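Subject: Structure handover

Hello,

Here is the structure we talked about. Please open it alongside this message.

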Amino acid sequence: MPAERRWPVILQALAAGALAAPGQAPWGLWPLTLLGLAWAFWLVARAPSARGAFGRAFLAGLGHFLPVMAWIVDPFFVEPEVTGWMAPFALGLMAAGMALFWAFPAWLASLGTPRPTARVWRFALAMLAFEDLRGILFTGFPWALSGHVWIGTPPDQLAALGGALLLSALTLSLAAALAVAALRWQGGRRGLAGLALGLGALALAGAWGWGSLRLAQPLPEGPGIRLRLVQANVPQDQKWQRDLIGMFFERHLDLSTGEAPVDLVIWPETAAPFLLDNPGAGLEMAAEAAGAALVMGIQRRERDAAGISRYFNSLAVIGPGGSVGAIYDKHHLVPFGEYIPLIGEWAREQGWGGLAQQLLDGYTPGPGPELMDLGRAGRALPLICYEAVFPRDLRGTDRPDWLLQATNDAWFGHRLGPYQHFAQARLRAVETGLPLVRAANTGISAVTDARGRVLASLPLDVTGALDADLPGALPPTPYARWGDGPWHALLALGMLTLALAALRRRQSRKGPGQSG
(Lines give C-alpha, C1' and ligand atoms only; values in the text may rest on other atoms or scores of the structure.)
Protein backbone atom coordinates (compact mmCIF):
# COMPACT_ATOMS: atom_id res chain seq x y z
CA MET A 1 0.00 0.00 0.00
CA PRO A 2 1.27 3.51 -0.74
CA ALA A 3 2.74 5.51 2.10
CA GLU A 4 0.48 8.34 3.23
CA ARG A 5 1.32 11.45 5.16
CA ARG A 6 0.14 11.51 8.73
CA TRP A 7 -1.91 14.69 9.08
CA PRO A 8 -4.00 14.27 5.92
CA VAL A 9 -4.92 10.77 7.07
CA ILE A 10 -5.85 12.03 10.55
CA LEU A 11 -8.08 14.74 9.09
CA GLN A 12 -9.67 12.31 6.66
CA ALA A 13 -10.48 9.84 9.44
CA LEU A 14 -12.08 12.53 11.59
CA ALA A 15 -14.03 13.85 8.60
CA ALA A 16 -15.23 10.37 7.62
CA GLY A 17 -16.66 9.78 11.08
CA ALA A 18 -18.28 13.20 11.17
CA LEU A 19 -19.82 12.63 7.74
CA ALA A 20 -21.50 9.49 9.08
CA ALA A 21 -23.09 11.34 12.03
CA PRO A 22 -26.11 13.01 10.32
CA GLY A 23 -27.75 9.66 9.73
CA GLN A 24 -28.76 9.58 13.39
CA ALA A 25 -31.85 11.37 14.71
CA PRO A 26 -32.92 14.10 14.41
CA TRP A 27 -31.34 14.48 10.98
CA GLY A 28 -32.00 11.04 9.45
CA LEU A 29 -29.61 11.59 6.51
CA TRP A 30 -28.73 7.92 6.11
CA PRO A 31 -26.98 8.32 2.70
CA LEU A 32 -24.33 10.43 4.46
CA THR A 33 -23.84 7.66 7.02
CA LEU A 34 -23.20 5.17 4.24
CA LEU A 35 -20.70 7.49 2.57
CA GLY A 36 -18.94 8.33 5.83
CA LEU A 37 -18.64 4.72 6.92
CA ALA A 38 -17.45 3.68 3.45
CA TRP A 39 -14.77 6.35 3.65
CA ALA A 40 -13.70 5.08 7.07
CA PHE A 41 -13.63 1.50 5.79
CA TRP A 42 -11.51 2.60 2.82
CA LEU A 43 -9.02 4.32 5.13
CA VAL A 44 -8.77 1.26 7.37
CA ALA A 45 -8.30 -1.02 4.36
CA ARG A 46 -5.32 1.09 3.24
CA ALA A 47 -3.64 1.24 6.65
CA PRO A 48 -0.06 -0.08 6.59
CA SER A 49 -0.52 -2.20 9.72
CA ALA A 50 -3.06 -3.38 12.28
CA ARG A 51 -1.85 -0.62 14.58
CA GLY A 52 -2.45 1.95 11.87
CA ALA A 53 -5.93 0.54 11.24
CA PHE A 54 -6.69 0.88 14.98
CA GLY A 55 -5.65 4.53 14.95
CA ARG A 56 -7.62 5.42 11.83
CA ALA A 57 -10.78 3.73 13.07
CA PHE A 58 -10.41 5.34 16.49
CA LEU A 59 -10.18 8.79 14.93
CA ALA A 60 -13.16 8.07 12.69
CA GLY A 61 -15.15 6.92 15.73
CA LEU A 62 -14.12 10.03 17.63
CA GLY A 63 -15.21 12.25 14.75
CA HIS A 64 -18.51 10.40 14.69
CA PHE A 65 -19.45 10.25 18.36
CA LEU A 66 -18.43 13.79 19.30
CA PRO A 67 -21.37 15.30 17.36
CA VAL A 68 -23.75 12.37 17.87
CA MET A 69 -23.27 12.31 21.65
CA ALA A 70 -23.09 16.08 22.12
CA TRP A 71 -26.28 15.95 24.19
CA ILE A 72 -24.34 14.25 26.99
CA VAL A 73 -23.17 17.69 28.16
CA ASP A 74 -26.71 18.90 28.87
CA PRO A 75 -27.17 17.23 32.28
CA PHE A 76 -24.04 18.98 33.51
CA PHE A 77 -25.57 22.39 32.78
CA VAL A 78 -28.67 21.86 34.92
CA GLU A 79 -26.48 23.24 37.71
CA PRO A 80 -23.65 24.80 35.64
CA GLU A 81 -21.98 26.45 38.60
CA VAL A 82 -21.51 23.04 40.22
CA THR A 83 -21.02 20.55 37.39
CA GLY A 84 -20.59 22.61 34.21
CA TRP A 85 -16.81 22.20 34.27
CA MET A 86 -17.25 18.43 33.85
CA ALA A 87 -19.15 18.71 30.54
CA PRO A 88 -16.22 18.71 28.06
CA PHE A 89 -14.53 15.87 29.94
CA ALA A 90 -17.75 13.84 29.90
CA LEU A 91 -18.23 14.31 26.15
CA GLY A 92 -14.59 13.62 25.35
CA LEU A 93 -14.42 10.48 27.45
CA MET A 94 -17.77 9.22 26.18
CA ALA A 95 -16.80 9.76 22.53
CA ALA A 96 -13.36 8.19 23.05
CA GLY A 97 -14.85 5.19 24.83
CA MET A 98 -17.35 4.56 22.06
CA ALA A 99 -14.66 5.12 19.41
CA LEU A 100 -12.84 2.10 20.84
CA PHE A 101 -15.75 0.00 19.61
CA TRP A 102 -14.69 1.02 16.09
CA ALA A 103 -10.93 0.82 16.71
CA PHE A 104 -10.69 -2.71 18.09
CA PRO A 105 -12.70 -4.21 15.20
CA ALA A 106 -10.38 -2.47 12.73
CA TRP A 107 -7.34 -3.87 14.53
CA LEU A 108 -8.77 -7.39 14.58
CA ALA A 109 -9.75 -7.17 10.93
CA SER A 110 -6.22 -6.12 9.97
CA LEU A 111 -4.25 -8.80 11.82
CA GLY A 112 -2.15 -10.74 9.35
CA THR A 113 -2.51 -7.84 6.83
CA PRO A 114 -5.14 -9.43 4.57
CA ARG A 115 -6.04 -7.97 1.17
CA PRO A 116 -7.70 -4.53 1.40
CA THR A 117 -11.08 -5.82 0.20
CA ALA A 118 -10.98 -8.71 2.66
CA ARG A 119 -10.05 -6.26 5.41
CA VAL A 120 -13.16 -4.21 4.62
CA TRP A 121 -15.50 -7.18 5.02
CA ARG A 122 -13.73 -8.34 8.16
CA PHE A 123 -14.00 -4.86 9.61
CA ALA A 124 -17.74 -4.79 8.89
CA LEU A 125 -18.22 -8.17 10.60
CA ALA A 126 -16.11 -7.23 13.62
CA MET A 127 -17.82 -3.85 13.95
CA LEU A 128 -21.22 -5.55 14.01
CA ALA A 129 -19.97 -7.90 16.72
CA PHE A 130 -18.71 -4.98 18.76
CA GLU A 131 -22.03 -3.15 18.40
CA ASP A 132 -23.60 -6.27 19.88
CA LEU A 133 -20.97 -6.24 22.62
CA ARG A 134 -21.59 -2.56 23.34
CA GLY A 135 -25.14 -3.38 24.35
CA ILE A 136 -23.94 -6.01 26.83
CA LEU A 137 -20.75 -4.81 28.55
CA PHE A 138 -21.06 -3.12 31.92
CA THR A 139 -24.75 -2.15 32.02
CA GLY A 140 -24.75 -1.80 28.23
CA PHE A 141 -25.08 1.30 26.07
CA PRO A 142 -26.52 0.45 22.63
CA TRP A 143 -26.98 4.14 21.76
CA ALA A 144 -26.37 5.47 18.23
CA LEU A 145 -25.91 2.07 16.62
CA SER A 146 -25.19 2.19 12.91
CA GLY A 147 -28.58 0.56 12.28
CA HIS A 148 -30.49 3.33 13.99
CA VAL A 149 -30.15 5.51 10.88
CA TRP A 150 -33.02 3.55 9.31
CA ILE A 151 -35.59 4.38 12.01
CA GLY A 152 -38.57 6.05 10.39
CA THR A 153 -37.87 4.56 6.93
CA PRO A 154 -39.28 1.34 5.43
CA PRO A 155 -36.09 -0.69 6.09
CA ASP A 156 -36.61 -0.27 9.83
CA GLN A 157 -39.24 -3.02 9.54
CA LEU A 158 -36.38 -5.51 9.32
CA ALA A 159 -36.11 -5.04 13.09
CA ALA A 160 -39.20 -7.25 13.41
CA LEU A 161 -37.00 -10.07 12.09
CA GLY A 162 -33.63 -9.36 13.68
CA GLY A 163 -33.78 -6.27 15.85
CA ALA A 164 -31.43 -3.32 15.68
CA LEU A 165 -28.49 -5.57 14.85
CA LEU A 166 -30.10 -6.63 11.57
CA LEU A 167 -30.42 -2.94 10.69
CA SER A 168 -26.76 -2.47 11.62
CA ALA A 169 -25.84 -5.43 9.42
CA LEU A 170 -27.62 -3.69 6.53
CA THR A 171 -25.81 -0.39 7.16
CA LEU A 172 -22.37 -1.93 7.51
CA SER A 173 -22.83 -4.22 4.50
CA LEU A 174 -23.86 -1.32 2.27
CA ALA A 175 -20.96 0.82 3.48
CA ALA A 176 -18.58 -2.09 2.94
CA ALA A 177 -19.89 -2.57 -0.61
CA LEU A 178 -19.19 1.12 -1.35
CA ALA A 179 -15.68 0.84 0.08
CA VAL A 180 -14.93 -2.33 -1.90
CA ALA A 181 -16.23 -0.67 -5.06
CA ALA A 182 -13.86 2.27 -4.47
CA LEU A 183 -10.91 -0.06 -3.92
CA ARG A 184 -11.72 -2.10 -7.03
CA TRP A 185 -12.10 1.06 -9.09
CA GLN A 186 -8.72 2.32 -7.90
CA GLY A 187 -7.21 -1.02 -8.84
CA GLY A 188 -8.57 -0.74 -12.37
CA ARG A 189 -11.10 -3.54 -11.89
CA ARG A 190 -14.16 -1.54 -12.82
CA GLY A 191 -16.31 -4.56 -13.53
CA LEU A 192 -15.90 -5.79 -9.96
CA ALA A 193 -16.52 -2.26 -8.69
CA GLY A 194 -19.81 -2.20 -10.58
CA LEU A 195 -20.72 -5.62 -9.21
CA ALA A 196 -20.18 -4.44 -5.62
CA LEU A 197 -22.33 -1.36 -6.24
CA GLY A 198 -25.02 -3.43 -7.91
CA LEU A 199 -25.22 -5.93 -5.07
CA GLY A 200 -25.41 -3.09 -2.55
CA ALA A 201 -28.20 -1.39 -4.50
CA LEU A 202 -30.07 -4.70 -4.73
CA ALA A 203 -29.82 -5.22 -0.95
CA LEU A 204 -31.08 -1.70 -0.26
CA ALA A 205 -33.94 -2.07 -2.73
CA GLY A 206 -34.92 -5.39 -1.19
CA ALA A 207 -34.94 -3.97 2.33
CA TRP A 208 -36.90 -0.91 1.20
CA GLY A 209 -39.41 -2.95 -0.77
CA TRP A 210 -40.02 -5.55 1.95
CA GLY A 211 -40.44 -2.82 4.57
CA SER A 212 -42.88 -0.91 2.37
CA LEU A 213 -44.98 -4.03 1.83
CA ARG A 214 -45.06 -4.73 5.56
CA LEU A 215 -46.10 -1.16 6.33
CA ALA A 216 -48.92 -1.44 3.81
CA GLN A 217 -50.51 -4.39 5.62
CA PRO A 218 -53.54 -3.60 7.82
CA LEU A 219 -53.24 -3.55 11.59
CA PRO A 220 -55.68 -5.07 14.10
CA GLU A 221 -58.19 -2.70 15.63
CA GLY A 222 -57.41 -1.27 19.03
CA PRO A 223 -59.23 -2.23 22.24
CA GLY A 224 -61.25 1.00 22.32
CA ILE A 225 -59.24 2.60 25.13
CA ARG A 226 -58.86 6.38 25.16
CA LEU A 227 -55.62 7.74 26.62
CA ARG A 228 -54.49 11.16 27.80
CA LEU A 229 -50.75 11.82 27.91
CA VAL A 230 -49.67 14.73 30.09
CA GLN A 231 -46.65 16.75 28.96
CA ALA A 232 -46.15 19.44 31.61
CA ASN A 233 -42.87 20.71 30.10
CA VAL A 234 -41.10 21.37 33.41
CA PRO A 235 -37.51 22.65 32.97
CA GLN A 236 -35.07 20.46 34.83
CA ASP A 237 -33.26 23.38 36.47
CA GLN A 238 -36.59 24.53 37.98
CA LYS A 239 -38.23 21.19 38.67
CA TRP A 240 -37.30 20.95 42.37
CA GLN A 241 -37.27 24.63 43.33
CA ARG A 242 -39.41 24.94 46.43
CA ASP A 243 -41.27 28.02 45.25
CA LEU A 244 -42.17 26.39 41.91
CA ILE A 245 -43.02 22.81 42.92
CA GLY A 246 -46.65 23.64 43.69
CA MET A 247 -47.13 25.45 40.38
CA PHE A 248 -45.76 22.53 38.40
CA PHE A 249 -48.00 20.08 40.27
CA GLU A 250 -51.01 22.27 39.49
CA ARG A 251 -49.96 22.22 35.84
CA HIS A 252 -50.09 18.41 35.84
CA LEU A 253 -53.52 18.53 37.45
CA ASP A 254 -54.87 21.06 34.92
CA LEU A 255 -53.56 19.09 31.95
CA SER A 256 -55.11 15.89 33.31
CA THR A 257 -58.57 17.46 33.18
CA GLY A 258 -60.12 17.56 29.73
CA GLU A 259 -63.51 18.12 28.19
CA ALA A 260 -63.77 14.62 26.71
CA PRO A 261 -63.67 11.58 29.00
CA VAL A 262 -60.74 9.18 28.79
CA ASP A 263 -60.03 5.74 30.21
CA LEU A 264 -56.44 6.27 31.35
CA VAL A 265 -54.27 9.31 32.13
CA ILE A 266 -50.47 8.96 32.04
CA TRP A 267 -47.95 11.27 33.69
CA PRO A 268 -44.23 11.20 32.86
CA GLU A 269 -41.31 10.02 34.97
CA THR A 270 -40.96 11.60 38.48
CA ALA A 271 -43.89 13.89 37.81
CA ALA A 272 -45.19 13.84 41.40
CA PRO A 273 -43.40 16.26 43.76
CA PHE A 274 -43.92 13.97 46.75
CA LEU A 275 -43.01 10.43 47.78
CA LEU A 276 -45.56 7.67 47.30
CA ASP A 277 -45.28 6.75 50.98
CA ASN A 278 -45.79 10.37 52.08
CA PRO A 279 -48.16 11.98 49.57
CA GLY A 280 -50.27 14.18 51.78
CA ALA A 281 -53.39 14.99 49.78
CA GLY A 282 -51.50 14.71 46.48
CA LEU A 283 -52.86 11.35 45.37
CA GLU A 284 -56.47 12.33 46.02
CA MET A 285 -56.00 15.58 44.10
CA ALA A 286 -54.42 13.76 41.14
CA ALA A 287 -57.16 11.12 41.05
CA GLU A 288 -59.87 13.77 41.13
CA ALA A 289 -58.24 15.79 38.34
CA ALA A 290 -57.77 12.73 36.12
CA GLY A 291 -61.31 11.46 36.56
CA ALA A 292 -60.01 8.06 35.46
CA ALA A 293 -57.25 5.63 36.28
CA LEU A 294 -53.90 7.43 36.43
CA VAL A 295 -50.39 6.08 35.84
CA MET A 296 -48.12 8.43 37.76
CA GLY A 297 -44.35 8.78 37.62
CA ILE A 298 -43.34 9.05 41.27
CA GLN A 299 -40.49 8.34 43.68
CA ARG A 300 -41.07 6.07 46.62
CA ARG A 301 -39.23 5.07 49.76
CA GLU A 302 -38.93 1.88 51.75
CA ARG A 303 -37.30 1.43 55.15
CA ASP A 304 -35.86 -1.91 56.19
CA ALA A 305 -35.79 -3.37 59.70
CA ALA A 306 -32.58 -1.48 60.45
CA GLY A 307 -34.21 1.81 59.52
CA ILE A 308 -32.15 2.25 56.33
CA SER A 309 -34.12 3.96 53.56
CA ARG A 310 -34.13 2.84 49.96
CA TYR A 311 -35.53 5.03 47.21
CA PHE A 312 -37.09 3.85 43.94
CA ASN A 313 -37.89 5.54 40.64
CA SER A 314 -41.38 4.19 40.08
CA LEU A 315 -44.67 4.17 38.24
CA ALA A 316 -47.85 3.74 40.27
CA VAL A 317 -51.45 3.20 39.23
CA ILE A 318 -53.70 5.61 41.11
CA GLY A 319 -57.41 4.78 41.36
CA PRO A 320 -60.50 6.49 42.79
CA GLY A 321 -59.90 8.48 45.94
CA GLY A 322 -56.12 8.21 45.52
CA SER A 323 -55.98 4.46 46.06
CA VAL A 324 -52.72 2.86 44.96
CA GLY A 325 -52.79 -0.14 42.64
CA ALA A 326 -49.92 -1.72 40.73
CA ILE A 327 -46.41 -0.35 41.29
CA TYR A 328 -43.39 -0.77 39.06
CA ASP A 329 -39.83 0.11 40.13
CA LYS A 330 -37.23 0.99 37.52
CA HIS A 331 -34.60 -1.75 37.44
CA HIS A 332 -32.13 -0.56 34.75
CA LEU A 333 -30.67 2.51 36.38
CA VAL A 334 -28.50 5.14 34.69
CA PRO A 335 -24.83 4.84 35.74
CA PHE A 336 -23.58 7.93 37.57
CA GLY A 337 -27.01 9.50 37.24
CA GLU A 338 -29.14 7.19 39.38
CA TYR A 339 -26.43 5.15 41.02
CA ILE A 340 -22.65 5.00 41.24
CA PRO A 341 -21.29 1.84 39.59
CA LEU A 342 -19.28 -0.66 41.61
CA ILE A 343 -19.39 1.41 44.80
CA GLY A 344 -23.09 2.27 44.81
CA GLU A 345 -24.03 0.60 48.07
CA TRP A 346 -21.01 2.05 49.86
CA ALA A 347 -21.73 5.46 48.31
CA ARG A 348 -25.28 5.40 49.64
CA GLU A 349 -23.98 4.67 53.12
CA GLN A 350 -21.65 7.68 52.77
CA GLY A 351 -24.52 9.90 51.61
CA TRP A 352 -23.28 10.34 48.06
CA GLY A 353 -25.67 10.73 45.11
CA GLY A 354 -25.46 10.55 41.34
CA LEU A 355 -25.61 13.56 39.07
CA ALA A 356 -29.29 13.13 38.29
CA GLN A 357 -30.30 12.57 41.91
CA GLN A 358 -32.27 14.89 44.07
CA LEU A 359 -32.17 12.33 46.89
CA LEU A 360 -28.81 11.84 48.53
CA ASP A 361 -29.31 8.11 49.01
CA GLY A 362 -29.66 7.38 45.30
CA TYR A 363 -32.03 4.88 43.75
CA THR A 364 -32.28 1.17 44.37
CA PRO A 365 -33.01 -0.98 41.30
CA GLY A 366 -36.29 -2.83 41.11
CA PRO A 367 -36.45 -6.62 40.68
CA GLY A 368 -36.70 -6.56 36.88
CA PRO A 369 -39.27 -6.31 34.06
CA GLU A 370 -42.84 -6.61 35.28
CA LEU A 371 -46.25 -6.15 33.72
CA MET A 372 -48.72 -3.58 35.07
CA ASP A 373 -52.37 -4.59 35.22
CA LEU A 374 -54.35 -1.58 33.98
CA GLY A 375 -57.80 -3.14 34.04
CA ARG A 376 -59.71 -2.43 30.83
CA ALA A 377 -56.52 -1.04 29.29
CA GLY A 378 -54.92 -4.47 29.53
CA ARG A 379 -51.42 -5.30 30.69
CA ALA A 380 -48.66 -2.88 29.80
CA LEU A 381 -44.91 -3.36 30.02
CA PRO A 382 -43.59 -0.23 31.76
CA LEU A 383 -40.28 1.28 30.68
CA ILE A 384 -38.95 4.20 32.67
CA CYS A 385 -36.71 6.49 30.61
CA TYR A 386 -33.42 4.71 29.82
CA GLU A 387 -35.01 1.25 29.88
CA ALA A 388 -36.48 1.76 26.41
CA VAL A 389 -32.95 1.79 24.97
CA PHE A 390 -32.42 -1.89 25.81
CA PRO A 391 -34.33 -4.53 23.82
CA ARG A 392 -33.47 -7.12 26.46
CA ASP A 393 -35.49 -5.12 29.01
CA LEU A 394 -38.60 -6.03 27.01
CA ARG A 395 -38.07 -9.70 27.70
CA GLY A 396 -38.55 -11.82 30.81
CA THR A 397 -42.32 -11.39 31.19
CA ASP A 398 -45.43 -12.75 29.55
CA ARG A 399 -46.33 -10.90 26.37
CA PRO A 400 -47.88 -7.52 27.22
CA ASP A 401 -50.70 -5.84 25.32
CA TRP A 402 -48.69 -2.65 24.81
CA LEU A 403 -45.53 -0.78 25.80
CA LEU A 404 -45.64 2.18 28.18
CA GLN A 405 -42.67 4.51 28.43
CA ALA A 406 -42.61 7.29 31.01
CA THR A 407 -39.58 9.54 30.76
CA ASN A 408 -38.11 12.89 31.74
CA ASP A 409 -36.05 13.88 28.72
CA ALA A 410 -35.45 17.35 30.15
CA TRP A 411 -32.10 15.90 31.23
CA PHE A 412 -31.21 15.40 27.55
CA GLY A 413 -31.56 19.07 26.58
CA HIS A 414 -33.37 20.48 23.58
CA ARG A 415 -31.29 19.36 20.61
CA LEU A 416 -30.21 15.79 19.92
CA GLY A 417 -30.83 13.60 22.95
CA PRO A 418 -34.65 13.62 23.09
CA TYR A 419 -34.94 12.84 19.38
CA GLN A 420 -32.47 9.97 19.55
CA HIS A 421 -34.19 8.59 22.64
CA PHE A 422 -37.60 8.71 20.98
CA ALA A 423 -36.26 7.05 17.83
CA GLN A 424 -34.95 4.11 19.83
CA ALA A 425 -38.26 3.79 21.66
CA ARG A 426 -40.06 3.61 18.30
CA LEU A 427 -37.80 0.75 17.30
CA ARG A 428 -38.97 -1.27 20.32
CA ALA A 429 -42.49 -1.18 18.83
CA VAL A 430 -41.22 -2.53 15.49
CA GLU A 431 -39.20 -5.26 17.20
CA THR A 432 -42.06 -6.52 19.33
CA GLY A 433 -45.11 -5.82 17.17
CA LEU A 434 -46.63 -3.88 20.08
CA PRO A 435 -47.94 -0.31 20.18
CA LEU A 436 -45.89 2.17 22.19
CA VAL A 437 -47.32 4.92 24.38
CA ARG A 438 -44.78 7.51 25.52
CA ALA A 439 -45.35 10.22 28.11
CA ALA A 440 -42.39 12.62 28.34
CA ASN A 441 -42.01 15.62 30.63
CA THR A 442 -40.68 18.00 27.95
CA GLY A 443 -41.41 15.78 24.96
CA ILE A 444 -41.58 13.97 22.71
CA SER A 445 -44.84 12.40 23.94
CA ALA A 446 -46.37 10.12 21.36
CA VAL A 447 -48.46 7.10 20.45
CA THR A 448 -47.03 4.76 17.82
CA ASP A 449 -48.64 1.77 16.21
CA ALA A 450 -47.27 -1.77 16.32
CA ARG A 451 -45.00 -1.03 13.34
CA GLY A 452 -43.44 2.05 14.91
CA ARG A 453 -45.36 4.69 12.96
CA VAL A 454 -46.22 7.84 14.91
CA LEU A 455 -50.00 8.24 15.08
CA ALA A 456 -50.11 11.27 17.37
CA SER A 457 -47.46 13.31 19.17
CA LEU A 458 -46.63 16.44 21.12
CA PRO A 459 -43.45 18.20 19.96
CA LEU A 460 -40.46 18.92 22.15
CA ASP A 461 -40.74 21.83 24.61
CA VAL A 462 -44.53 22.14 24.26
CA THR A 463 -46.89 22.19 27.23
CA GLY A 464 -50.05 20.21 26.62
CA ALA A 465 -52.06 17.02 26.82
CA LEU A 466 -52.44 14.48 24.04
CA ASP A 467 -55.63 12.43 23.73
CA ALA A 468 -55.36 9.35 21.53
CA ASP A 469 -56.73 5.84 21.15
CA LEU A 470 -54.63 2.85 22.15
CA PRO A 471 -53.68 1.00 18.92
CA GLY A 472 -53.96 -2.73 18.41
CA ALA A 473 -51.11 -5.23 18.69
CA LEU A 474 -49.67 -7.65 16.15
CA PRO A 475 -48.83 -11.31 16.81
CA PRO A 476 -45.33 -11.85 18.23
CA THR A 477 -42.62 -11.06 15.70
CA PRO A 478 -39.67 -13.40 15.09
CA TYR A 479 -37.49 -11.00 17.06
CA ALA A 480 -39.99 -10.97 19.94
CA ARG A 481 -39.64 -14.77 20.09
CA TRP A 482 -35.87 -15.11 19.68
CA GLY A 483 -34.34 -11.80 20.74
CA ASP A 484 -30.62 -11.31 20.16
CA GLY A 485 -29.66 -14.86 21.10
CA PRO A 486 -29.08 -15.98 17.49
CA TRP A 487 -26.99 -12.85 16.88
CA HIS A 488 -24.78 -13.58 19.89
CA ALA A 489 -24.10 -17.08 18.59
CA LEU A 490 -23.53 -16.10 14.96
CA LEU A 491 -21.28 -13.17 15.76
CA ALA A 492 -19.25 -15.19 18.27
CA LEU A 493 -18.74 -17.83 15.56
CA GLY A 494 -17.84 -15.14 13.03
CA MET A 495 -15.26 -13.56 15.32
CA LEU A 496 -13.75 -16.97 16.08
CA THR A 497 -13.45 -17.66 12.35
CA LEU A 498 -11.88 -14.25 11.78
CA ALA A 499 -9.35 -14.82 14.57
CA LEU A 500 -8.40 -18.27 13.26
CA ALA A 501 -7.99 -16.91 9.74
CA ALA A 502 -5.70 -14.14 11.01
CA LEU A 503 -3.65 -16.67 12.99
CA ARG A 504 -3.25 -18.97 9.98
CA ARG A 505 -2.21 -16.05 7.77
CA ARG A 506 0.33 -14.90 10.34
CA GLN A 507 1.79 -18.39 10.63
CA SER A 508 2.02 -18.77 6.86
CA ARG A 509 3.89 -15.46 6.59
CA LYS A 510 6.53 -16.75 9.01
CA GLY A 511 7.25 -19.71 6.75
CA PRO A 512 8.16 -23.28 7.70
CA GLY A 513 10.63 -23.78 10.49
CA GLN A 514 10.22 -20.26 11.93
CA SER A 515 8.98 -19.58 15.40
CA GLY A 516 7.46 -16.55 17.03
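Below are the local features I found. Keep in mind that this is a predicted model.

Start with Asp132. Asp132 sits in helix H6, which spans residues 116–134. Asp132 is buried but makes no salt bridge. The nearest side chain of opposite charge belongs to Arg392, 8.0 Å away. What does the side chain of Asp132 meet in a polar contact? The partner is the side chain of His488, at 2.8 Å. Setting aside neighbours within four places in sequence, Asp132 is in contact with Leu165, Trp487, His488 and Leu491.

Next, the surface. Leu133 is also in helix H6. Leu133 is partly exposed, at 30% relative accessible area. Leu133 forms a nonpolar surface patch with Leu137, Phe138 and Phe336. Together they have about 410 Å² of accessible area.

Now the backbone. Most peptide bonds are trans, and most residues other than glycine have a negative phi. The exceptions to check are these:

- Ala25 and Pro26 are joined by a cis peptide bond, omega about 5°. Pro26 is in the loop between helix H1 and helix H2.
- Gly443 to Ile444 is a cis peptide bond, with omega near 10°. Ile444 is in the loop between strand S9 and strand S10.
- Thr270 has a positive phi, near 45°. Thr270 lies in the loop between strand S2 and helix H10. Its relative accessibility is 8%, so Thr270 counts as buried.
- Cys385 has a positive phi, near 50°. Cys385 lies in the loop between strand S7 and strand S8. Cys385 is buried, at 7% relative accessible area.

Best wishes

Methods: Residues numbered from 1 in each chain as written. Predicted model: local features only at pLDDT ≥ 70, side-chain atom pairs only at ≥ 80, totals over all residues. Heavy atoms only, no water. Helix = DSSP H or I, 4+ residues; strand = E, 2+ residues; numbered from the N terminus. Buried < 20%, exposed > 50% of the residue type's maximum accessible area, 1.4 Å probe, protein only. Lys, Arg positive; Asp, Glu negative; His and termini not counted. Salt bridge = Lys/Arg side-chain N within 4 Å of Asp/Glu carboxyl O. Polar contact = N/O pair within 3.5 Å; in protein donor to acceptor, adjacent residues only side chain to side chain. Contact = heavy atoms within 4.5 Å. Patch = residues over 30% accessible without salt bridge, like charges linked within 9 Å, V, L, I, M, F, W, Y side chains within 5 Å. Areas by Shrake-Rupley, 256 points an atom, 1.4 Å probe, with all protein chains shown as cover.
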